Amino acid sequence: MLDLDNFKDVNDSLGHGAGDLVLIECANRIKNTIRKNDIVARLGGDEFIIAFVGTTVPEDIDKIGQKLLITLAQPYIIDHKNVYCTASIGLAFYPNDAITIEELLRNADQAMYRAKSRGRNSIHYFTENMSTDFLKRMEIMRDLRIAVEQKQFYMVYQPIVNLTTSRITKAEALIRWQHPQKGMISPLEFIQVAEEIGLIVEMSEWIFNEVSQQVNIWRKAYCPDLCISINTSPVQYKNNGAQINAWADSLILRGIPCEAISLEITEHLLMENQLEAVEALDKVRLHGMSVAIDDFGTGYSSFAYLKDFDFDYLKIDQRFVQNMSADNKDTALCQAIIVMASKLKMSVIAEGIETEQQKQLLINAGCTFGQGYLFAKPLSVVDFEALLIEQHTQ
C-alpha cells in the first residue's frame, strides 16, 4: 500500500488540477520503477496498491521499495514550480502475514499508517503486534471523543527560568488526560491520534481558553510580564491559520496583552504548512504574540527556516543539553546554536536541564533561559502559582 504524504496540501494550495497532474506523474513513476510482472492500481485519492508477483524474497522487495521512495521524493514540476510529495509505504506478505486478500490489504494498510506515524517518506513491514496496536488506537479514538465532551483534561505548567537571575517570567503549558477508569494517559499516546482525527483543533481551543484566563490572573496578581507558551499543531494552520489568528483577536477583545501568550512550533509543522503557517505567525507577531521554534536541532532543515522566517525564541532540544560535559560535541553544538541565535536576534531556551554543570555550561555559552527538572517538573496550577507568589514576595 502506497500513500502520498501531504497530498491534500497540493490540492488546497495549487488546486485540484495540479493535484491530478501529480497523481498522473506519480503513477508513471511507479510503473517505471516496478517490474513488468508486477501490478499497480490506484485505489482512490492518493492511495495506490502494488502487487509484487513471483517473488517472496524480502530483500528484493525492499530494494524496489527504496527505489520507489527515492523516485517519488523527486520534485514534481507544476506550472514551472517544484512541488514535493513523498510517499509512505506499507508491506504485507502472503502467506506469512495473511491468507485472504482482505486480510492482506488490511495488514498492508496498517503497515502504511505506521510508516506515516514514524515520520513518513518511509517503508514499514506488517508485524503481528500491529493488530493489537490498531485495536488500541481505535480505543483511544473513542475515549478521546468522550474526553473532549466531558473535559477530562487539565493543564500543568513547567517554569522557564532566567539562568542568570533565576527569575520565572515564562512557562510552558502542557495538557494532561486523567481518564476516569484508566488513570493518567501520556500525551505521547493521544496527541498524534487527536491530530489525525481532527480533535486537536477543539482540544487546542480549550487549552488556549484555559491558559489565557490563567495567565491573565497571574499577570495581574504576581508577575506582570509573565508569558505562557502553548504548543501548536500543523492542523491549526489550515484555512490560512484561522484558529491562530482568532486567538490574537480573542486576547485583544478580552483586554489580555498578546505578549502573555507564546506559540511553540516545530520544524515538522513548517514543513507541512509552510505558507499558511508563516502568514499566520507573521500576523500574530504583529500583535505582540511571540513565536518559539521547539526541539531545535532535530530536523534536517533548521538553518533554512531560521534564514527565511522570523522567530523570537529558539529552544535547544533536550537531547543536546542532557549529554553536555565540559569538552564534548554536544556542548560545542549548544554553544554554536546560542551564538547563531544571538546573531539572528533570537533568545535561547535550553530544554531538559537536570544538573548544575549543564546550567553553568549554558550560562557560560550565553544562554538566557532554561527549562528542566533542575528547576521544576511540570506543576499543577496551585503549585506553579505558589512559585509565583514566593517570587513576588521576595
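Helices (H or I, at least four residues) and strands (E, at least two) are DSSP runs, numbered from the N terminus. By that count the protein has 15 helices and 16 strands, and Asn-162 is found in one of them, strand E8. This is a predicted model, in which local features need pLDDT of at least 70, side-chain atom pairs count only at pLDDT 80 or more, and totals for chains, interfaces and linings use all residues. Residues are numbered from 1 along each chain as its sequence is written, and side-chain values use heavy atoms, with hydrogens and water left out.

**Overall form**

- Along the principal axes, the C-alpha atoms fill a box of roughly 80 × 50 × 45 Å.
- Of the 394 residues, 47% count as buried; buried means under 20% relative accessible area, exposed over 50%, and partly exposed in between (1.4 Å probe, protein chains only).
- Among contacts (heavy atoms within 4.5 Å) between residues at least 6 apart in sequence, 64% join residues at least 24 apart.

**Helix packing**

- Two packed helices are described by the angle between their axes and the distance between the axes. The axes are lines fitted to C-alpha atoms, for helices over the stretch in contact, and angles run from 0 to 180 degrees between N-to-C directions.
- Angles under 35 degrees count as roughly parallel, over 145 as roughly antiparallel, 65 to 115 as roughly perpendicular and the rest as oblique. A crossing is left-handed if the near helix is turned anticlockwise from the far one by less than a right angle, and right-handed if clockwise.
- Helix H1 (residues 7-14) packs on helix H2 (residues 16-33) at an angle of about 140°, with the axes 6 Å apart. That angle makes H1 oblique to H2.
- On the H1 side the residues are Phe-7, Val-10, Asn-11 and Leu-14, and they meet His-16, Ala-18, Gly-19, Val-22 and Leu-23 in H2. By class, this contact of H1 with H2 has six nonpolar, three polar and no charged residues; Ala, Val, Leu, Ile, Met, Phe, Trp, Tyr, Cys and Pro count as nonpolar, Asp, Glu, Lys and Arg as charged, and the others, Gly among them, as polar.
- H2 also packs with helix H3 (residues 58-72), at an angle of about 150° and with the axes 10 Å apart. The crossing of H2 and H3 is right-handed.
- Cys-26, Arg-29, Ile-30 and Thr-33 of H2 make the contact with Ile-64, Lys-67, Leu-68, Thr-71 and Leu-72 of H3. The residues in the contact of H2 with H3 divide into five nonpolar, two polar and two charged.
- Helix H7 (residues 199-221) and helix H15 (residues 381-393) have axes that come within 11 Å and cross at roughly 20°. H7 is therefore roughly parallel to H15, and their crossing is right-handed.
- Gln-214, Trp-218 and Ala-221 in H7 meet Val-381, Phe-384, Glu-385, Leu-388 and His-392 in H15. Five nonpolar, two polar and one charged residues form the contact of H7 with H15.

**Backbone exceptions**

- Most residues other than glycine have a negative phi, and most peptide bonds are trans.
- The peptide bond from Tyr-94 to Pro-95 is cis, with omega near 0°. Pro-95 sits in the loop between strand E6 (87-91) and helix H4 (101-117).
- Asp-79 is not a glycine, yet has a positive phi of about 50°. The loop between strand E4 (76-78) and strand E5 (81-83) holds Asp-79, which counts as exposed at 64% relative accessibility.
- Ser-166, also not a glycine, has a positive phi of about 65°. Ser-166 lies in the loop between strand E8 (153-162) and strand E9 (168-179) and, at 44% relative accessibility, counts as partly exposed.

**Two buried residues**

- Asn-162 counts as buried, at 18% relative accessibility. Leaving aside neighbours within four places in sequence, Asn-162 is in contact with Arg-167, Thr-368 and Phe-369.
- Asn-162 and Tyr-76 are 86 residues apart in sequence and 47 Å apart in space, C-alpha to C-alpha.
- Glu-351 lies in the loop between strand E15 (347-350) and helix H14 (356-365), and counts as buried at 10% relative accessibility.
- Beyond its neighbours within four places in sequence, Glu-351 has contacts that include Glu-172, Asp-294, Asp-295, Lys-315 and Gln-371.
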